[in-house]
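Here are some quick notes to go with the entry you are opening. Have a look at the sequence and the fold first, then read on.

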Amino acid sequence: APGGPGSGAQELARLARAFERLPLRCREVMWLTRVENLSQQEVARRLGVQEKAIEKQVSRGIRLLAAALAREGADIGHTTADRSFERASTRGQRRAD
């Protein structure tokens, strides 16, 4: 049912809350890599850090998002959290177009 427990709107709201709780740098890296679709190399160059630092932030972001979503009742793993983030960000892009 629209607006039900598994609805896209609720999934997006859970993801937005989890995203806002990420540490600032982690949130910035996740935004650049997952929403703006920049490569880790491009993000590292833009932020003036080593690419390895970006890899760690992406890994941390996925782990923290998965944990936050799991705490909210979504029984998901890291891969699913990453896909959830990508689906939600893609939905937002379609609406903005």
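This is a predicted model: local features need pLDDT of at least 70, side-chain atom pairs count only at pLDDT 80 or more; totals for chains, interfaces and linings use all residues.

1. Let's start with α1, which covers residues 8–20.

2. Now, which residues of α1 are buried? They are Glu11, Arg14, Leu15, Ala18 and Phe19. Looking down the axis of α1, you will find these buried residues within an arc of 135 degrees, so they line one face of the helix.

3. Next, the loop between α2 (24–35) and α3 (40–47), where asparagine 37 sits. Asparagine 37 isn't a glycine, yet its phi is positive, at about 55 degrees. Asparagine 37 is also exposed: its relative accessible area is 57%, and the cut-off for exposed is over 50%.

4. On to α3, whose buried residues are Val43, Ala44 and Leu47. Around the axis they cover an arc of only 100 degrees, which puts them on the same side of α3. What do the buried residues of α3 pack against? Their partners are α2 and α4 (51–71). Over on the other side of α3, Arg45 and Arg46 are exposed.

5. Last one: look just after α3, where glycine 48 has a positive phi of about 70 degrees.

Conventions. Residues are numbered from 1 along each chain as its sequence is written. Side-chain values use heavy atoms; hydrogens and water are left out. Helices (H or I, at least four residues) and strands (E, at least two) are DSSP runs, numbered from the N terminus. The expected span of a helix is 1.5 Å times one less than its number of residues. Buried means under 20% relative accessible area, exposed over 50%, partly exposed in between (1.4 Å probe, protein chains only). The arc is that of the directions from the helix axis to the C-beta atoms. Contact means heavy atoms within 4.5 Å.
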